Amino acid sequence: TWPFAFASAANLPDGRILAWGGNNRFTFNGGNYTYASVWNPANNSLINVNHPTHSLFCGVPVMLEDGRVFVPGGDKSSSDSVRATSYFSASTNTWTRIQNMAVGRWYDGTVYLPNGKVFAALGDPGSQYPEIWTPGTGWSYMNGASLQSGVLNFPKVTEPENWLPQMHLAPNGQVFHSGHTPEMHFIDMEGEGAVLPVSLSIDWNSANTPSVVYDEGKILKAGGALYASPVVGTGKSAIIDLNSAAPSLTVNNNMQFGRIFHNQVVLPNGEVMVIGGNTTCIKFSDGGSQLTPEI
């Protein structure tokens, strides 16, 4: 039994689970404090590792090469936490605050890069320009990689266009943006960066849905909502292949169940398990829940 309701979790290198929630145990109303714990499944023990100065709620984590869990941004209601960056070290069971980002990012897109740097883009309030975190140096803007025309100018349909962009590391070392806005892009990591349009798109809304890399350079997009009225969950899916000079998109067979707000988990054999979601597209509602997983 966890001592709080948590919003995010990460598998630590030693097999334990780190999870964190908001600034109160079972409610959320802003602030710069985070309830966090580490669970050891080997002996079912829990230790508290609360963060006293950074509300990590809705920050999007990545894991660094050495196993640290790196969380940029967080609670939008806190002017401090929304710009803050912290990492968790499993060897010491402690959080460490490092340099703030230049702009606050809540529901941003975060990618760990092969050179040890971290890429963060969009989010709320965010910026048209991504930022790069360099170990020992801190954050800096990528002033050549404006996402204004490619993402921010897309008209809001069901979600703000700057929320939870679906970003992936591509085999060519660039970052690939696969949604949730229909147009897709490469983001060149060289120098000040550049946004390179890709002639791929889908005909449904993939906001509030996962987009996962299930094999090298291959992305599965599944589920979301139709743009038509009434808005209902869809089972549409597609495969994106980034392994050639010109990326390709193949419409996949539909899932058995239409769903949105679901999870996708990549299994050790490369299959993807789809869990949960609903058909109503109503947030915080159990109406139309899809209780049957599929692969």
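Student: How many aromatic pairs does a search of the whole structure find?

Tutor: A search of the whole structure finds 13 aromatic pairs, where rings of Phe, Tyr and Trp (its six-membered ring) pair if their centres lie within 6.5 Å, and planes under 30 degrees apart count as stacked, over 60 as edge-to-face and the rest as tilted. Please keep in mind that this is a predicted model, in which local features need pLDDT of at least 70 and side-chain atom pairs count only at pLDDT 80 or more, while totals for chains, interfaces and linings use all residues. Residues are numbered from 1 along each chain as its sequence is written, and side-chain values use heavy atoms, with hydrogens and water left out.

Student: Which residues do ring pairs link into a cluster?

Tutor: Trp2, Phe4 and Phe6 are linked into a cluster by ring pairs.

Student: And which ring does the charged end of Arg68 sit over?

Tutor: That is the ring of Tyr87, with the charged end of Arg68 4.5 Å from the ring centre; a charge sits over a ring if NZ of Lys or CZ of Arg is within 6 Å of the ring centre and within 35 degrees of the ring normal.

Student: Switching to pockets, how much space lies in the largest pocket?

Tutor: The largest pocket holds about 1800 Å³ of space. On a 1 Å grid over the protein atoms alone, a pocket is an open set of points where a 1.4 Å probe fits, with protein on both sides within 12 Å along at least five of seven lines, whereas a cavity is a set of points where the probe fits but cannot get out, and lining residues have an atom within 4 Å of a point. Grid points are joined across faces, edges and corners, and the volume is the space filled by probe spheres set on the points.

Student: Which residues lie nearest the centre of the largest pocket?

Tutor: Val60, Leu164, Pro210, His262 and Asn263 lie nearest its centre, out of 38 residues that line the largest pocket. The elements that give two or more residues to this lining are strand 1 (8–11), strand 9 (109–112), strand 13 (166–169), strand 17 (211–215) and strand 21 (263–266), and strand 13 gives the largest share, four residues. Strands (E, at least two residues) and helices (H or I, at least four) are DSSP runs, numbered from the N terminus.

Student: What is the lining of the largest pocket by class?

Tutor: It has 21 nonpolar, 14 polar and three charged residues, with Ala, Val, Leu, Ile, Met, Phe, Trp, Tyr, Cys and Pro counted as nonpolar, Asp, Glu, Lys and Arg as charged, and the others, Gly among them, as polar.

Student: What about the second largest pocket, what volume does it have?

Tutor: The second largest pocket has a volume of about 270 Å³, and of the 16 residues that line it, Leu113, Asn115, Lys117, Met189 and Glu190 are the closest to its centre. Its lining has six nonpolar, six polar and four charged residues.

Student: Back to strand 1: is Ser8 buried or exposed?

Tutor: Ser8, which is placed in strand 1, is buried because its relative accessible area is 14%, and buried means under 20%, exposed over 50%, partly exposed in between (1.4 Å probe, protein chains only). Not counting residues up to four places away in sequence, Ser8 touches Leu18, Ala19, Trp20 and Gly59, where contact means heavy atoms within 4.5 Å.

Student: Where is Gly179 found?

Tutor: Gly179 is found in strand 14 (residues 175–179), and it is buried, with a relative accessible area of 0%. Leaving out residues up to four places away in sequence, Gly179 touches Pro165, Gln166, Ser206 and Lys221. The peptide bond from Gly179 to His180 is cis, with omega near 15°, and His180 lies in the loop between strand 14 and strand 15 (184–188).

Student: What is the peptide bond from Asp124 to Pro125, cis or trans?

Tutor: That bond is cis, with omega near 5°, and Pro125 is in the loop between strand 10 (118–121) and strand 11 (131–134).

Student: What is phi of Cys58 near?

Tutor: Phi of Cys58 is near 75°, a positive value in a residue other than glycine. Cys58 lies in the loop between strand 4 (45–48) and strand 5 (62–63) and counts as buried at 11% relative accessibility.
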